[in-house]
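Here are a few notes to read with the structure open beside you. Take them one at a time and find each spot as you go.

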Amino acid sequence: MSKPVLVIMAAGLGSRYGGLKQIDPIDEHGHLIIDFSIYDAIKSGFEKVIFVIKKENEADFRERIGNRVGKHVAVEYVYQDINDLPSGYSVPEGRVKPWGTGHAVLSCAGKVNGPMAVINADDFYGRTAFSRIYDFLINSRDDDKYNYAMVGYILENTLTDHGYVARGVCEISEDGYLVKIKERTRIEKKHGGAAYTEDGGQTWIPLPKGSIVSMNMWGFGKSILFELKQKFETFLKADVPKNPLKAEYFLPEVVGQLINEGKARVKVLNSPDKWYGVTYKEDKEMVVKAISRLKESGLYPDVLWSDK
């Protein structure tokens, strides 16, 4: 079996952040959050990274990250293109929003021929997550079902003080497998806990303390690419006409469908680490301080990619 590769989804617009947050430095040496993810991935055994980007951002990505880490790990680029649709479909008039995380991973078809870990570019996952997902991928094989994995985080460790976040809220079996996952696109801190809304904030539904959520860190076999291709056309037929400008093809929802259909089982690999990310510009100061503390603890060197 080929060694696992790391797929990094980095084609989002960063609309709430107000810019291309994936290439915004978080320390005085110009490191990005992606740098720390790749560093942790290499330490855990990964030897190849695939960036899913927009074609127009390629020059910036090569300059700011790809050329630098390419000296330490194999790097490849694939492009998430809003016009990359099955025959007979076209982009709705006025739509500029990418098709979502499911489409991002589908963009890797033809480039990945074995197990893969999938992460967001703008989230800090922690060393534990990468070591656990790598070990799973190295040791897992499909049997009567696809055997996938997801790193789960405690909800309270993944919230921002500056607005809302989107998270896949999970239900997990007693033996540690994902039963269902529901993407909640607006979760906020509320009354000492967390709650979500589906009507623009008119009503809020509390989430239990200690809920496990997905941060889009997944472990898949190449079978996920076949399934994403099949279900993308269903999404285009059923969901896009209802919301042509903003409907998204969410990776967690496809995984949930495969569980419901009895095609896949998903092992939940819990991580005790705290999430850090820059959903909003105001989050950056917190991330900068957190990375500084982690360096002081000895987990990371001051300069990650020293050629000495």
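Predicted model: local features only at pLDDT ≥ 70, side-chain atom pairs only at ≥ 80, totals over all residues.

1. Now look at Asn216, which sits in strand β11 (residues 212-220). Its relative accessible area is 10%, so Asn216 is buried. Check the backbone there as well: Asn216 isn't a glycine, yet its phi is positive, about 60°.

2. Next, hop over to His191, in the loop between β8 (178-190) and β9 (193-196). Is His191 buried or exposed? With 87% relative accessibility, it counts as exposed. His191 is another residue other than glycine with a positive phi, this time near 50°.

3. On to the helices. Two packed helices are described by the angle between their axes and the distance between the axes. For helix α1 (residues 33-44) and helix α2 (residues 58-69), the axes come within 11 Å and cross at roughly 20°. Angles under 35 degrees count as roughly parallel, so that's what we call α1 and α2. Their crossing is right-handed.

4. Which residues meet where α1 and α2 touch? From α1 you have Ile34, Asp35 and Ile38, and from α2 they meet Phe61, Ile65, Arg68 and Val69. Sorted by class, this contact has 5 nonpolar residues, 2 charged ones and no polar ones.

Definitions and conventions. Residues numbered from 1 in each chain as written. Heavy atoms only, no water. Axes fitted to C-alpha atoms, helices over the stretch in contact; angles between N-to-C directions. Helix = DSSP H or I, 4+ residues; strand = E, 2+ residues; numbered from the N terminus. Parallel < 35°, antiparallel > 145°, perpendicular 65-115°, else oblique. Left-handed = near helix turned anticlockwise from the far one by under 90°. Contact = heavy atoms within 4.5 Å. Nonpolar A, V, L, I, M, F, W, Y, C, P; charged D, E, K, R; others polar. Buried < 20%, exposed > 50% of the residue type's maximum accessible area, 1.4 Å probe, protein only.
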